[in-house]
Amino acid sequence: MRGNNVLGIIFSNMKDQSIRELTELRTMGSVPFGGRYRLIDFPLSNLANSDISHVGVITKSNYRSLMDHVGSGKSWDLSRKNAGLVFLPPYGSGNAVYQNRIGALSGIQEFLETSQEEYIFLSDCDVVVNLDIQKVVESHITRGADITIVYHHGPLPQEAKGNTVLRPDG
């Protein structure tokens with residue numbers, strides 16, 4: 001399976017409140033990591049390394065430094081006339097700023113409907129991992145799943161309050 005049948009969507013601001021001191025003037029995606037990198041570099045690299053060439057970045061507030069860092073997406077080979085990297089505005093229905101993921105996705109409904117890709121891969125910016133998205137998509141298709149969630153199994157940290165906790169059977 002080639003990645004060009006997958007649309008990548010990155011949420012750049014969903015968890016800004018968790019590190020308020022660092023995201024007061026910038027979005028979560030533009031928070032520095034390891035000197036020269038930013039948190040958005042990880043999902044962008046995972047998507048690009050999986051041959052996913054159409055990526056939308058949902059923004060909300062304080063995203064100028066994110067746009068300055070990412071630019072046209074050339075560093076990830078996403079600078080293209082068709083598809084490539086697209087910054088999506090922070091407005092839901094009726095030009096109101098969205099309050100949650102559903103509102104954000106509702107605000108980009110036209111973008112999603114006009115996309116040529118059959119599958120959508122959603123990611124936050126605070127996921128620092130080297131992920132082979134091709135394997136995830138192939139597993140999703142093979143299993144005939146409606147939704148596939150990638151997670152890490154391990155002990156629940158004390159500070160997990162307010163986070164989604166998966167407890168799979170078996």
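In α6, the buried residues are Ile133, Gln134, Val136, Val137 and His140. They span an arc of only 165° around the axis, so they sit on the same side of α6. The model is predicted.

**Helix α6**
- An α-helix has 3.6 residues a turn, so residues three or four places apart point the same way.
- The cover over the buried residues of α6 includes β1, α2 and β6.
- Exposed residues Lys135, Thr142 and Arg143 are carried on the face of α6 turned away from its buried side.
- At the start of α6, the backbone nitrogen of Gln134 has a side-chain oxygen of Asp132 within 3.1 Å.

**Nonpolar cores**
- In soluble globular proteins, nonpolar side chains tend to be buried together.
- The largest nonpolar core holds 21 residues. Those touching the most other members are Ile10, Ile40, Leu44, Leu47, Val55, Val70 and Leu85.
- Two or more residues of this core come from each of β1 (6–11), α2 (41–49), β4, α3 and α6 (133–143). The biggest contributor is α6, with three residues.
- Beyond its neighbours within four places in sequence, Ile40 is in contact with Ile10, Gly29, Val57, Leu66, His69, Val70 and Cys125.
- Another core, of nine residues, lies apart from the largest one. Its members include Ile9, Ile58, Tyr98 and Ile108.

**Strands β4 and β5**
- Strand β4 (residues 54–58) and strand β5 (residues 84–88) run parallel. Five bridges join them.
- Between β4 and β5 the chain passes through helix α3 (residues 64–70), and this β-α-β crossover is right-handed.
- Val57 has Phe87 as its bridge partner in β5.
- Val57 is also among the contacts of Ile40.
- In a regular strand the side chains alternate between the two faces of the sheet.

**Ser115**
- Ser115 is found in the loop between α5 (109–114) and β6 (119–124).
- Ser115 counts as buried because its relative accessibility is 12%, and the cut-off for buried is under 20%.
- A polar contact (2.3 Å) links the side chain of Ser115 to the side chain of Glu117.
- With neighbours within four places in sequence set aside, Ser115 is in contact with Leu7 and His54.

Key:
Residues numbered from 1 in each chain as written. Predicted model: local features only at pLDDT ≥ 70, side-chain atom pairs only at ≥ 80, totals over all residues. Heavy atoms only, no water. Pairing = 2+ DSSP bridges. Helix = DSSP H or I, 4+ residues; strand = E, 2+ residues; numbered from the N terminus. Right-handed = clockwise from strand over helix to strand, strands pointing away. Core = buried A, V, L, I, M, F, W, Y, C linked by side-chain atoms within 4.5 Å. Buried < 20%, exposed > 50% of the residue type's maximum accessible area, 1.4 Å probe, protein only. Contact = heavy atoms within 4.5 Å. Polar contact = N/O pair within 3.5 Å; in protein donor to acceptor, adjacent residues only side chain to side chain. Arc of directions from axis to C-beta.
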